[in-house]
Amino acid sequence: MRIAIDGPGGSGKSTISKILAKKLGLIYIDTGAMYRACAYISLKFHVHGDALEELVRNTEIDFLQNDDTQRVILLLKKSEYDVTEAVRTPEVSAKVSEVAADKKIREILTKKQKKLASRKNVIMDGRDIGTEVIPDAEVKIFLNASVDERSRRRYAELKEKYPEISFDEVKDDLVKRDETDTKRQTAPLLKAEDAVEVDTTGLTVDEVVQEIMKIVNKKREAGESIQ
Ligand code: CDP
Ligand code: CDP
């Protein structure tokens, strides 16, 4: 079974995807981490445009399963970089949507993601999974929540690592990224026509998992997606 989870930042995509991956025996692929890795490369090596595209083309982005955590590893310029934490910094967050709007960068990553999805048995989250990466996914979910709720969730996570960060900065980053991601020309953040939208505002993680499990089970009963 292939499950596509899309939605804006802080809607719970990665939290829910990891739980569902365990429950259903699927491989979780965090496509946001791949775009974040490109933004990280741009910032670290001071490269943009064609030079960034060239570097990304020559970079291997791997996910390494390590007990409960998934490490993000880059192989570039003959070196290996574990960028798991580095791709989550506010600097990378502020840069990523601009990099993700680059058509050529999207082409390179979408190709890698399609290849990963062809293994079957995956749950992939991002912005364009149901529309571009796995348009024939057996289950498509569009997770959403109010911008205030999403900002509260993200602030709660970030303030432990970055005590100086303010709620307004976190909200501002999410609002700006939502806007860039929704308005870009190539593969914008969009609910696929056949995706089920789940508004997670006011719901607990368990409640969201239950809601999606109902959708998965319905599909299985309908015999459309037996593994
Ligand atoms: O979880 P959070 O919203 O912080 O971000 P993410 O899922 O790690 O994605 C970071 C950024 O990557 C998004 O804001 C998009 O600009 C981009 N992205 C994308 O364009 N397409 C995807 N399939 C996944 C992420
Ligand atoms: O991947 P995305 O940016 O959509 O969200 P995330 O990184 O999974 O972050 C969501 C945060 O909100 C996590 O700290 C979750 O514990 C929390 N949360 C949630 O995901 N879903 C709810 N229904 C309630 C809280």
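Reader: Which residue follows α2, and is its phi positive or negative?
Author: α2 is followed by His46, and the phi of His46 is positive, near 55°. Helices here are DSSP runs of H or I with at least four residues, strands are runs of E with at least two, and both are numbered from the N terminus. Please keep in mind that this is a predicted model, in which local features need pLDDT of at least 70 and side-chain atom pairs count only at pLDDT 80 or more, while totals for chains, interfaces and linings use all residues. Residues are numbered from 1 along each chain as its sequence is written, and chains are lettered from A and ligands numbered from 1 in the order in which they are written.

Reader: How many residues of α2 are buried?
Author: Eleven of the 15 residues of α2 are buried, so that the helix is mostly covered; buried means that 20 or more other C-beta atoms, placed from the backbone, lie within 10 Å of the residue's own. Among them are Met34, Tyr35 and Arg36.

Reader: And which helix gives the most to the shell around ligand 1?
Author: That is α2, with five residues. The shell has 15 residues, with Gly9, Gly32, Tyr35, Ala100 and Gly126 the closest, where a residue counts if its C-beta atom, placed from the backbone, lies within 6 Å of the ligand. The elements that give two or more residues are α2, α4 and α8.

Reader: Gly9 came up there, so where does Gly9 lie?
Author: Gly9 lies in the loop between β1 and α1, and Gly7 has its place in that loop between β1 and α1 too. The UniProt annotation "binding site", from an unreviewed entry, covers residues including Gly7 and Gly9, although such annotations may be inferred rather than shown by experiment.

Reader: Why is Gly9 called buried?
Author: Gly9 counts as buried because it has 24 C-beta neighbours inside 10 Å. Leaving out residues up to four places away in sequence, Gly9 touches Arg150, Arg154, Leu174 and Arg177, where contact means C-beta atoms, placed from the backbone, within 7 Å.

Reader: New topic: how many residues has the largest nonpolar core?
Author: The largest nonpolar core has 23 residues, a core being a set of buried Ala, Val, Leu, Ile, Met, Phe, Trp, Tyr and Cys residues joined through C-beta atoms within 7 Å. The largest share of this core, four residues, comes from β7. A second, separate core has 20 residues, and Ala37 is one of them.

Definitions and conventions:
A residue is buried if 20 or more other C-beta atoms lie within 10 Å of its own, exposed if 12 or fewer, and partly exposed in between; C-beta atoms are placed from the backbone. Two residues are in contact if their C-beta atoms, placed from the backbone, lie within 7 Å.
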